[in-house]
Amino acid sequence: MTAPIVGAAIRRKEDFRFVTGNGHYTDDINRPGQAYAYFLRSPHAHAKIKSLNVEAARSAKGVVGVLTGKDLAADKIGGLICGWTIHSKDGSPMKAGAHPALAVDTVRYVGDHIAVVIADSPALARDAAEKIEVDYDLLPAVTTPDKAQGSDAPQLHAEAPRNTVYQWELGNKKETDAAFKSPAHVVKLKLTNNRLIPNAMEPRAAIGEYDQGTGAYTLYVTSQNPHVARLVMSAFIGIAPEHKLRVVAPDVGGGFGSKIFIYAEEVVCTWASKKVGRPVKWTAERSESFLSDAHGRDHVTEAEMALDAQGKMLGFRIKTIANMGAYLSTFASSVPTYLYGTLLSGQYALPAVYVEVDAVYTNTAPVDAYRGAGRPEATYLVERIVEEAARQLKMDPAELRRKNFVRTFPHQTPVIMNYDAGDYEASLDEALKLIDYKGFPARKVEAQKRGKLRGLGFSTYIEACGLAPSAAVGSLGAGVGLWESAEVRVTPTGQVEVFTGAHSHGQGHETTFAQLVAGRFGIPLENVEIIHGDTNSVQFGMGTYGSRTAVGMTALVKALEKVEAKAKRIAAHVLEASAADIVLENGEFKVAGTDRKLAFHELALNAYTGHKFPTHEIEPGLKESAFWDPLNFTFPAGCHICEVEIDPETGVTKIVAFVAVDDFGKVINPMIVEGQVHGGVAQGIGQAMLEHGVYDPESGQLLTGSYMDYTMPRADDLPSYKVGLTETPCPSNPLGMKGCGEAGAIASPPAVINAVTDAIGIKEFEMPATPERVWRAINSTKHKSAAE
Amino acid sequence: MPGVSMTVNGKAVSGEVEARTLLVHFLRENLRLTGTHVGCDTSQCGACVVHVNGKAVKSCTMLALQADGAQVTTIEGLAKNGELHPVQAAFKEHHGLQCGFCTPGMIMTAVDMIRRLPDLDETTIRQQLEGNLCRCTGYQNIVKAIHAASLEMKGARA
């Protein structure tokens, strides 16, 4: 029985420590005797290291060690890995170059790590790094995906000719080609998905500590998945066996994907703590975050969609080049393939889809998963081309979508996914109502009178999250299974400790997980503690990304079921009844139909005192664990609509209304879900209107390397959003939930750009919609119409 | 190294710092008041906002030595006798935080904003938050929290 606490907008348990300044982030931790690391980074995008002389730095004031790639190699510390092997269409495995934590002969992007200086203070380490002499032999650089495969492009890795990591395909090619034989309409679109820099507000940090007595390492790190960090650093990089490596990810200040990956600095600080005999701490400056956090997106795509005369979609053909940056980051290869190609059917009953993706190396920071990861790129493409189709066919964009929606479930797409539940019309209708779609023509006329351009854009998106069924991802090349674990320990005095492999870095797990426990056992929320982020406490887990909380929560439910079952057997013995007759009601175990009962805390005490029941039949204690491997992906879906008003004189674009209607299945805490939507939409609007990670194409210098140059959305850049929910429960997990973390960032960019292009009356337009770009676009249409 | 003395959260403190030490590092490293955060290196993000002599200041733009003799309040000094300040309570009530990293700076900025501008509306709050970045919330609930706190504090004054 579920008590009303599940589904209620419970205020967050974790907030007290955050609003009072008592959070414990990695940089807040200091270890006795710690020294500080400073990483010397390449100022060049591509160069051979002719010589590297660190002697002067070694003897500088306060320095306790200077280490280079040669020292790493001498200690047989392996390079960083990519954990998902993608196969090209010819069957060959992807072609990956080595990724040493400290460069040995060659640097491949501005910010690539060359050496680490460890000193008594951060300032002394930085001072000493200036004494390192590096002699570079400069090489030409390539930064954009469209140029990387050219015969004249500089080669980054000998293993990957023409900088091509893989040439992947998905879908039914024959049927797709057939669909394009003689359709009534073909809609073509070229577009770029702009490079983004994640910018969690807490910069990355790491403290490595080696215990000489036990031979064990501890790494405190800004990680979304400490167990994966431990596994990779142990099994692949070779720092220490897993039982001699503890990884702690305390409070983490946002991740958005960028803190999933195993980075050079974490490996080096851990390894170096033994080399110098002191804990080694490193905290990124924001400039380092810009240079060396994994970036997101950066695709160029050409696509075409075939439709019949009535607007029924017949086929969709896509060619994408995805920028991987200079090295393959931890999950980079999966992002433009299985997290992208699989979503290209959108919400539509498309009979034929065929996508080809080339992944390429360039002299830029590695690109990996960033909020949504592949799914925003898919949605941006699908929803822009569908909107363009409506314009070309002169149909209402809502009606064209409605005509093509998947309506029966389960629905097998041509690109792997099996949609299990949804009602796309319900979210579209609700969004049309919230935006007052009928009133739009009048608003447009009214804006025209004021000399302003109004536009409206749709995005009816679908995504796949709750990553992921292990067998499915394993067959597609994933190096790990993506189940989750949970352990529930009831204390003898009746509180509950939950150990979860999920990690909370803003998602509010300490509240939502506790809601499940309190709801089930009828105990106060304050009596539940959620413990996560420490490999010494939690046995194993895959961490949090891709709305994996749906997986972690299901593992918790499974563990709670086991606890309840055992508790009932204990109650049966104590109350001298049959276990089948014990019911759990409002926090009490009762013998059905009698007044005999045990309060939850009485039951707990009985479990541990043990003398109340025969231990040959029931073991003492009350502690259970469960592993949950999801049966399918989950498929959040919905409709976002954006309305913009543009000043044609300046190109300044204002979002006058933004509506988000999402179907996340069952909701545990609507307040937190709404907050996730707000944040996701803000990041999506950021991509659509403000953010762009830009490298100089000649020098390979990052031109957007600080908050002075990279436009983060600020409070007065963003509107207030209207948020609505529809609900079709997810059939593949017992909670019926789908996950809500990525939807906002996935759905919103096409809604914004469809609105901008609607207002201007233009087809090709690249994000971000800065005033300059919008002004130029308006003026290009003026010139065109003047010439006609 | 030069000495520096100031009053932080009502307590007299002093220490020795390198001349180049920023106020935020003095607070975090010397005094171990780690509620004040560092989110950037260009004075853009506002995670480090504290009050110096009653005014909101980005503590990464000020040397510790410049705060010699000053009255400094950090996020740790805002709650009184275990009671949350109305702005702290409003952030919790209106879900104005997610990861919590920008929160101390946001709250210190908001307290100063409400002191300076008693009649806040949504547009003004958004403009006044120009110096504070949040990546999690999309700002909507931060704006809501500040507005609610300003109304409550106005009511308390009336």
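Which residue forms a salt bridge with Arg28(B), and how far apart are the closest N and O atoms? I looked this up first: the partner is Asp28(A), with the closest N and O atoms 2.7 Å apart, where a salt bridge is a side-chain nitrogen of Lys or Arg within 4 Å of a carboxyl oxygen of Asp or Glu.

**Basis of the entries**

I note that this is a predicted model, in which local features need pLDDT of at least 70 and side-chain atom pairs count only at pLDDT 80 or more, while totals for chains, interfaces and linings use all residues. Residues are numbered from 1 along each chain as its sequence is written, chains are lettered from A and ligands numbered from 1 in the order in which they are written, and side-chain values use heavy atoms, with hydrogens and water left out.

**The pair between the chains**

I returned to Arg28(B) and Asp28(A), whose salt bridge spans 2.7 Å between the closest N and O atoms. This pair crosses between chains, running from helix 1 (residues 23–30) of chain B, where Arg28(B) sits, to the loop between helix 1 and strand 1 (35–41) of chain A, where Asp28(A) sits; helices (H or I, at least four residues) and strands (E, at least two) are DSSP runs, numbered from the N terminus. I also checked accessibility, and both Arg28(B) and Asp28(A) are buried (buried means under 20% relative accessible area, exposed over 50%, partly exposed in between, with a 1.4 Å probe and protein chains only).

**The interface of chain A and chain B**

I then looked at the whole interface, in which 54 residues of chain A are in contact with 47 residues of chain B, contact meaning heavy atoms within 4.5 Å. The two chains bury about 4,300 Å² between them, with 50% of it on carbon and sulfur atoms; buried area is the accessible area (1.4 Å probe) that two parts lose on being put together, summed over both. Val19(A), Met201(A) and Arg714(A) supply 17% of the area that chain A buries against chain B, more than any other three residues.

Across this interface I found 5 salt bridges by the rule and 31 residue pairs in polar contact, both residues at pLDDT 80 or more. A polar contact is a pair of N or O atoms within 3.5 Å; within protein, one must be able to donate a hydrogen and the other to accept it, and residues adjacent in sequence count only if both atoms are side-chain atoms. On the side of chain A that touches chain B, helix 1 (15–19), helix 4 (122–129), helix 9 (286–292) and helix 18 (670–689) of chain A each supply at least two residues, and the largest share, 8 residues, comes from helix 18 of chain A.

**Salt bridges within chain A**

In one of them, the side chains of Asp298(A) and Arg195(A) meet at 2.9 Å, N to O. That pair links distant parts of the chain, 103 residues apart: Asp298(A) is in the loop between helix 9 and strand 13 (299–307) of chain A, and Arg195(A) is in the loop between strand 8 (185–193) and strand 9 (205–211) of chain A. Asp298(A) counts as buried because its relative accessibility is 10%, and Arg195(A) counts as buried because its relative accessibility is 2%.

I next looked at Glu388(A), which forms a salt bridge with Arg391(A), the closest N and O atoms being 4.0 Å apart. Glu388(A) and Arg391(A) are 3 residues apart in helix 10 (residues 375–392) of chain A, so they are separated by about one helical turn. With 10% relative accessibility Glu388(A) counts as buried, whereas Arg391(A), at 25%, counts as partly exposed.

I also recorded a network of salt bridges that links Asp436(A), Arg443(A), Glu446(A), Arg450(A), Arg454(A), Glu643(A) and Glu645(A).

**The two domains of chain B**

Chain B is divided into domain 1 (3–77) and domain 2 (86–157), with bounds that come from an automatic or database domain assignment. I found their C-alpha centres 21 Å apart, and the contact takes 17 residues from domain 1 of chain B and 14 residues from domain 2 of chain B. The area buried between these domains is about 1,200 Å², of which carbon and sulfur atoms give 62%. His37(B), His51(B) and Ile75(B) lose the most area on the domain 1 side, together 40% of what that side buries. Between the two domains I have 0 salt bridges and 8 residue pairs in polar contact, both residues at pLDDT 80 or more.
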